[in-house]
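Work through these exercises with the sequence and the 3D view side by side. Try each task before reading its solution.

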Amino acid sequence: MTDRMTASRLTRRAFAAGSTAALGLALAPRARAQDKFPSRVVEVVTHAGVGGGTDITARMMMVHAAGVFQTEFAVVNKVGGSGAAALAYANSRPRDGYTILLITQTHLLTMLQGKAPVKYEEIVALARATDDPQVVMVGKNSPYKTAQDLLAAAKTKQLKFGATQLGGVDHLAIYGFAKKSGIQQPTAIPFRGGGDIVINTVGGNIDVGMLNYAEAESQIKAGDVRALLTLAPKRLGPLPDVPCSKDLGLDANYSTVRGFVALKGVPEENLKTLEQGLIKAMQGQMYASYIETSGQSPDSVVGRAAWQKQLDDFNAEGLDALKGLGLVK
Amino acid sequence: MGRGATDRRVAGATILLCAIVYAYTYTFDEVPAALMGGLGAELFPRLVLWTLAILAVLLALHVGSPPMDAPAPIPRPVWIAGGAMLLYVGVLELIGMWPASAVALVGLGWLWGERSLVKLSISAVMLTGALNLVFVRLLGGSFPKGLLGALVGP
Amino acid sequence: MDAFLAGMAILLDPYMLGVILAGTLLGIIVGALPGISGSTTTALLLPLTVTMTPGAALAFLGSIYCAANFGGSITAILINTPGDPSASATAFDGYPMAKRGEAGKALGISAISSAIGGIFSVFVLIVAAPLLARMAYEFGPPEYFGLAVFGLSMVAMIGGESQVKNLMSACLGVLLATVGLDLTTGVERFTFGVYSLSDGIEFVPVLIGLFAIAEMLEQATQHGVVQDYIRLTAVKLPTLADFRKCAKSIAISSGIGTFIGALPALGATTAAMICYNESKRWSKYKDEFGKGAIEGVAGPEAANNAAVGGAMVPTLALGIPGSTTTAIILAGLIVQGVRPGPHLFTEQPALLYIVFSSMLAANLLYLVLGLGAAKLFARLTLVPAAYLWPAVFVLSMVGAYAPNQSMSDIWTVLIFGVVGFLFRRYGFSPAPLIMGLVLGKMVEESLKQSLLIFDQNWLMFLTRPIVVGLFAVTLIGLFAPFLARAWTRTRKRWRTSPAGDLP
């Protein structure tokens, strides 16, 4: 009995999707490997520990994946090094399509800083899983009532923005936003997570929180937090009155994204199978309701072409920002 | 060896450790000027190291700490048990975590004085099986298969 | 009131009761096993709950959460291996009790105080959640700094006889807490290129090494020595007198535990640590601590279960989870279409009361199960060493590897096993080290965040009333013993001097 075989037993048992006996799977893979892809367990590598946001996304996708692909999926949690451990693990596996990664922009930044054993050029997009635009928010007692107020004030004053990690995705979004809107580079105050940023935005310890809608949903509804600007080309469904960056003529679009990728070298037909299967799995009812209720953009799931372009764009902009901040020479 | 010599040795070892770690703090990456807003990354660890070193001096001088007797030399079974633990990691890399665990249960049990290999083996298989049931079957964890497992598995 | 009754009525439904029972049993088991915590289990079972009705799903997750925090104490007491990080303070005195042959007593008081703490916090949740939740907004980095300093202030008194050694141990813990990416500068410290160190040293392997492996090496020194457990008392449950002795500690810890749990940045582990300190501070029998004080088991256990109800406060009332487990419960709520927030209490009270009543039921269930099985569990201490310690070793290794699937965690266990062994040999206690490791990160991070917020002006700390209050309590706590001694001396002099003055 190999360990990987059983890893997604739980989901399978729960949904009775794949009824193949695990024993049969364990004994047979070699014989059937050539016939059809995928014919054994597909590993989904994430940098999040069990229960982290990215881990949950992977598990939600897997709810339907077993049925769609007629094989089992297993999450492999390789925590550490801001994605470097996950990339290193994927790099150590054969490039046959049986190992895919669920990545965030963090992985790209890690690669840009040369801290991972894989280069960006080796990443092949499969499908995007979630897309969560950043929203500029202020506390209830903030003097800034509109995005224009904030931008005007920030031109003459160095404001304090909450970020999750210095040199991380949030921080680069703040840097890029400041640059593109012509305000003074804010002081980034790092916090452990979105929840801390929400609390300190309400409490007035920071001037601005850059947050995803869902992170501050209940505070927005209760009137403790004011959303001023959505950093996306379109307004958000739940925030119809909040302008988007396009409304203000800004080309500042930032979002938290997660998506599936493989490493270069996987046969083309396997990539296609994976892309189509993943999209189909993520169109399942369970995943759709997860997307909707966790406040992600409804058009989160996109295929290879659009996802690859987004990755390319972010990679280019990320490099600029890291250089600007002095984190990459 | 008189009373207090042990404390002085502990203090000496602590101060040596502090010095090594302190030196290591000079190898931290530099923070780019654009990001450097507050206290540096090396400041807090250094502060703690200074405190630790001062406490070590107090220990050597027996201030706020009664002198202690030299402990008895480490008995041999401890070295053997420690060695067995290291061996476990080696065996684990070779034949995988579950087989290695079963072997460890028998081996350590024997070291601890149980001489009935039959009883040890039965309990080892039962415990490994039970753990496997919870960690792998129920919770879907994945564990090292070792070199041997890599040869056999897909 | 109708909603409350409706919520309670689910307890009459056999299906719901079955779900809660299943969750409680599962929670106790995974809580007791090192390496799988309540959070891992809830994460892995989340997809399963999606198929349940919203009420059943929440009852299931909630009861796992409650029971896992109790389950951790079982292994902490019996084999010195905290099954859940929140039970690490329980091992300080629980294991010495078991060694003395009072395992049943320790397990019993753990079940009772856990249940009292848990039930107290659920009632606080019912009555004051929206109010208590607002308090979270008042706690920014400066306030957390004040709280961390307060938590660390007692560290010299915890552990062994020598205060200098206790402080050295704590310093080592704080130093270990600096390993990893520094939050406010993004610089990697002491990671030596090991990926898994960049998020800091994993807490669970450190615990397993310091407690379980160190104890195992210690046992090896006893090789051939006949175990003289007082076998008859090992299975005895606590008496009413034992409970009376712990009442104060349970009361204090339930309150503080609920409060700390309600702060989003702090969880059950910190609550248990601080309440271990407070149990000792307010105890009449301070000398017993570290050697098997029953209050030293009651305090942390009441606290870590009170923190469960506390942690649900910001989760439900603000939509901000304070721990990994509450984050998963939040995800569970959201997938079920329940949006947490202040409005939840007015809009969907029925579902809310299902959460409350299932948590109450889970607390009562593990109390019954825990007391019922305490005698059975306690017999584990009677298992021959040749079977017990190898099993503890294997359990430790599997448990250390499981959460992150990383070999470096196995090495961490072994290294800290040696550290723990040397610690004992030279008269150091691991308790201050663990406290330093838990609170050290908070001290540094909140200090640096505060200074960024204050534009590096240290005096600004004094403009925050809560911080000033916390500093004041810390100072009083530090100097109270001296003041008390001075006061008794003055009083004695005052009493004796008039007599002496009489002609």
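**Exercise 1.** How many helices and how many strands does chain B have?

*Solution.* Start with the ground rules. This is a predicted model: local features need pLDDT of at least 70, side-chain atom pairs count only at pLDDT 80 or more, and totals for chains, interfaces and linings use all residues. Residues are numbered from 1 along each chain as its sequence is written, while chains are lettered from A and ligands numbered from 1 in the order in which they are written.

Now count. Helices are DSSP runs of H or I with at least four residues, strands are runs of E with at least two, and both are numbered from the N terminus. Chain B has 6 helices and 0 strands. Its pattern along the sequence is α-α-α-α-α-α.

**Exercise 2.** Compare chain B with a compact globule of 154 residues.

*Solution.* Step one: take the radius of gyration over C-alpha atoms; the globule rule is 2.2 Å times the number of residues to the power 0.38. The globule would come out near 15 Å, but chain B has 24 Å.

Step two: check the extents. The C-alpha trace of chain B spans about 55 × 55 × 25 Å along its principal axes.

Step three: check burial. A residue is buried if 20 or more other C-beta atoms, placed from the backbone, lie within 10 Å of its own; it is exposed at 12 or fewer, and partly exposed in between. In chain B, 34% of the 154 residues are buried.

**Exercise 3.** Describe the side of chain C that touches chain B.

*Solution.* Two residues are in contact if their C-beta atoms, placed from the backbone, lie within 7 Å. By that rule, 51 residues of chain C meet 54 residues of chain B. Elements giving two or more residues to the chain C side include α3 (38-49), α8 (163-177) and α16 (385-401) of chain C. The largest share comes from α16(C), with 12 residues.

Next, sort by class. Ala, Val, Leu, Ile, Met, Phe, Trp, Tyr, Cys and Pro are nonpolar; Asp, Glu, Lys and Arg are charged; the others, Gly among them, are polar. The chain C side has 32 nonpolar, 12 polar and 7 charged residues.

**Exercise 4.** Which residues of chain A make up domain 1, and which make up domain 2?

*Solution.* The bounds come from an automatic or database domain assignment. Domain 1 of chain A is 4-131 + 257-325, and domain 2 is 132-230. Between them, 14 residues of domain 1 touch 12 residues of domain 2. On the domain 1 side, α13(A) gives the most, with 5 residues. That side holds 3 nonpolar, 9 polar and 2 charged residues.

**Exercise 5.** Where in chain A is the pLDDT below 50?

*Solution.* pLDDT is the predictor's confidence in each residue, from 0 to 100. Chain A has a mean of 84, and 89% of its residues reach 70 or more. The stretch below 50 is residues 1-33 of chain A. Beyond near neighbours in sequence, that stretch has 65 contacts in the model.
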